[in-house]
Amino acid sequence: MDVDGKSSSKGEEEKKNAVVVILVGAPGSGKSTFCDHVMRDTIGNGKAGTKAQCLTNAAAALKDGKSVFIDRCNLDREQRADFVKLGNPQVDMHAVVLDLPAKLCISRSVKREGHEGNLQGGKAAAVVNRMLQKKEFPKLSEGFSRITFCQSESDVQAAIDMYSALGPQNTLPSGSFGQKNPDAKVQLGIMKFLKKVDSPVNAVSKGDSLKDSVTTDKENDSSFIGREELKEVEEVKGVEEVKGGEDLAFSSLESTSSFDNAPTLAFPSISTADFQFDLEKASDIIVEKVFEYVSKLGNARFVLVDLSSGSKILSLVRAKAGEKNIDSGKFLTFVGDITRLYSGGGLRCNVVANAANWRLKPGGGGVNAAIFSAAGPSLETATMERAGSLAPGKAVVVPLPSTSPLFCREGVTHVIHVLGPNMNPKRPNFLNKDYKKGCEVLREAYSALFEGFASIVKSQETSYEEPTGKLGSVRLVSPVDFKIPRKNQISNADRKVKREDVYESERNKKCKGLHEEHGSKTGATNGNDDAQNEKNNGSASKAWGAWAQSLYRIATNPEKHKNDVMEISDDIVVVNDLYPKAKRHLLVLARYEGLDRLADVRKENLQLLRTMHDVGLKWAEKYLSEDKTLIFRLGYHSAPSMRQLHLHVISQDFDSKHLKNKKHWNSFNSAFFRDSVDVMEEIDKFGRATLKDEDILLMELRCHRCRSAHPNIPRLKSHIGNCRAPFPASLLQNGRLLFATDKDGTNQ
DNA sequence: GTTCTAGAAC
DNA sequence: GTTCTAGAAC
């Protein structure tokens with residue numbers, strides 16, 4: 001079935017409400033079923049036609065004033081373009097995206113016999129798999145006035161109901177609806193796709209499901225809002241695409257583009273929720289303050305975030321920002337969860353503002369509860385070290401410990417708590433309708449917030465480790481302060497000096513030196529080391545088990561491991577990995593006490609990273625000269641199992657009996673593996689490297705060259721033994737991969 | 001029946 | 001990090 005015509009009941013004037021609905025989805029996603037449910041009559045009797053026939057039929061049906069549903073896969077933009085052209089000012093173009101779990105599409109396709117696409121049996125899985133890899137979701141900019149995403153059977157049913165009920169007199173709101181977490185990187189393995197019934201791990205809905213969006217829009221009587229919001233989502237999608245390419249799982253590889261890395265502050269509207277501040281007045285102040293700071297802060301971006309898709313404050317602010325001609329590249333509004341901007345929306349924000357309470361404690365509700373909960377207990381500890389309470393109109397900058405999920409998952413380096421004026425009689429510091437005072441305090445609050453952000457931007461532009469100290473009403477404290485145990489109650493002025501002392505003794509001394517000075521410490525038992533870890537991080541960081549100490553021991557006493565060590569210097573030790581995961585797999589260990597993993601690395605370690613990289617390069621080149629078929633990659637694991645910072649230098653054949661499980665594969669072939677070149681760049685720019693959560697290791701198995709998915713390790717290994725596809729473009733950039741060179745110096 | 005994964009123990 | 005092994009998947 002290619003084209004279905006839905007007859008408009010009667011009369012000429014209904015023509016203007018005719019609609020072309022393009023169904024977008026893989027085979028087995030339920031496009032035909034969708035049409036069957038919505039349609040009364042079908043053109044083409046369910047037989048497949050050519051695209052040309054389909055277009056002709058569709059045009060004819062439209063001429064008759066009928067609505068048309070296009071039932072082809074339409075998974076890429078080019079395919080859709082010709083159908084979009086059918087639209088004209090009298091005809092709305094809609095897209096319905098059936099983005100159901102791959103396992104469902106596959107199992108349906110496999111079952112189906114004699115379906116027009118001739119996709120039976122085993123081939124179906126492969127075809128669906130391939131199509132899903134290449135899918136390009138439709139965007140409003142292609143010419144659609146409405147896009148409905150369906151990501152579950154219930155979404156599909158809701159869409160069917162909606163289109164079935166669509167009479168000739170009514171229209172549906174414009175905009176894009178129902179797309180959930182577009183960044184669902186962690187997918188279930190293919191076997192799970194085929195077998196299990198549960199939905200994808202990341203299918204989180206935050207009230208933006210199809211039904212919610214539609215209702216919200218009705219309540220707000222505005223299709224305009226829907227459309228505008230889509231623009232925001234689209235902008236964010238743009239970001240996602242820039243870095244994501246065709247494979248979401250690899251998006252972070254390319255995420256270091258300068259655009260994406262502009263310092264960005266995400267902030268909720270202060271005081272307008274629980275504190276009941278007037279929205280009109282608040283939106284004026286937001287726009288006024290953003291206007292003031294946007295020009296001051298170079299390429300820094302500001303993002304106003306609200307959870308609800310029908311948010312009044314967002315539309316007010318958007319309209320007023322438009323009037324003031326604020327650069328839309330620097331000030332965005334965003335609908336979504338402020339604690340999942342990157343993982344849920346592809347939007348990278350290094351600083352997040354919290355609408356805090358005066359006690360700076362978790363709980364309450366709204367943004368404050370969400371941020372404390374998402375950041376984990378380390379945020380509370382860190383906050384309490386900065387300040388015990390907060391007055392209205394003030395803000396406090398808190399660097400996030402690298403152990404915080406908000407840091408690892410979302411790339412947030414700082415949280416700025418800000419307290420606004422309160423107009424709610426049930427809350428502390430109630431201003432009793434005194435909006436003169438209220439506006440004053442709200443202005444002060446945004447100034448403090450943006451000054452805090454400015455100070456972070458500034459400190460990152462210059463040296464990350466030289467905080468500018470007190471700035472306006474904002475206290476900025478270097479992240480290193482976390483290393484000071486809480487009991488050290490010292491003045492702020494003393495703190496900086498003290499901090500450097502701590503830093504000097506705990507970080508910069510090399511193992512060798514430390515060993516001489518504190519002989520007992522290096523020989524300390526496991527238990528003591530763990531205690532040290534606990535104390536230093538001020539949070540429940542992963543303790544290193546006894547089995548995780550071997551690299552640490554080698555780095556500390558390389559002379560005792562003469563048989564294993566290939567190179568020793570003051571800074572590094574080179575060893576072969578005891579369980580190599582490829583033909584060549586060696587480790588460059590840092591010989592610095594306290595540098596246990598990438599999360600511990602700061603800007604002052606940049607030279608060390610460069611040294612490690614150069615040593616790794618030297619060894620890779622040596623092996624490349626011996627075997628020109630090898631290809632090398634240098635990088636770090638986001639969360640290593642073994643203590644002591646180590647750089648992996650690993651050939652890309654992955655031909656090894658020691659590569660046995662998903663974790664092994666994904667730790668070298670997902671964003672969990674941080675290329676050394678990217679790590680150095682991030683440390684240089686931001687003082688920290690972005691790290692991926694261990695969740696990503698459970699991701700499906702994909703070939704690192706052609707990106708095809710495989711059901712299990714043995715099959716993957718037999719595939720990679722033969723696959724000669726070129727590597728993905730992202731890996732070929734910036735010297736992430738090292739190839740042997742010909743005599744004339746060109747790459748092979 | 002064999003193959004493969006994933007969690008616990010080390 | 002690996003090894004061991006129960007039980008799921010085939």
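Predicted model: local features only at pLDDT ≥ 70, side-chain atom pairs only at ≥ 80, totals over all residues.
## Helix α6

Let's start with helix α6, which covers residues 153–164. With 12 residues at 1.5 Å a residue, α6 should span 16 Å, and because its end C-alpha atoms are 16 Å apart, the model agrees with that expectation.

Several α6 residues are buried: Asp155, Val156, Ala158, Ala159, Ile160, Met162 and Tyr163. As background, residues three or four places apart in an α-helix point the same way, because there are 3.6 residues a turn.

## The second largest pocket

Next comes the second largest pocket, which holds about 860 Å³ of space. Its lining is made up of 40 residues, and Ala273, Ala355, Gly365, Gly366 and Val367 lie nearest the centre. Two or more lining residues come from each of β9 (301–306), α11 (312–323) and α13 (366–375). Of these, α13 gives the largest share, with 4 residues.

What kinds of residues form this lining? By class, there are 18 nonpolar, 14 polar and 8 charged residues.

## The nonpolar cores

The largest nonpolar core brings together 41 residues, and Leu265, Phe267, Phe302 and Phe331 have the most contacts inside it. Helix α16 (residues 435–461) supplies the largest share of this core, 11 residues. Take Phe302 as an example: leaving aside residues up to four places away in sequence, Phe302 touches Leu265, Phe267, Tyr293, Val294, Leu297, Lys330, Phe331, Leu332, Phe450 and Phe453.

Another core, of 33 residues, lies apart from the largest one. Among its members are Val574, Val588, Tyr592 and Ala689.

Definitions and conventions
Residues numbered from 1 in each chain as written. Chains lettered and ligands numbered in written order. Heavy atoms only, no water. Expected span 1.5 Å × (residues − 1). Buried < 20%, exposed > 50% of the residue type's maximum accessible area, 1.4 Å probe, protein only. 1 Å grid on protein atoms, 1.4 Å probe; cavity = no way out; pocket = protein on both sides within 12 Å on 5 of 7 lines; lining within 4 Å. Points joined across faces, edges and corners; volume = space filled by probe spheres on them. Nonpolar A, V, L, I, M, F, W, Y, C, P; charged D, E, K, R; others polar. Core = buried A, V, L, I, M, F, W, Y, C linked by side-chain atoms within 4.5 Å. Contact = heavy atoms within 4.5 Å.
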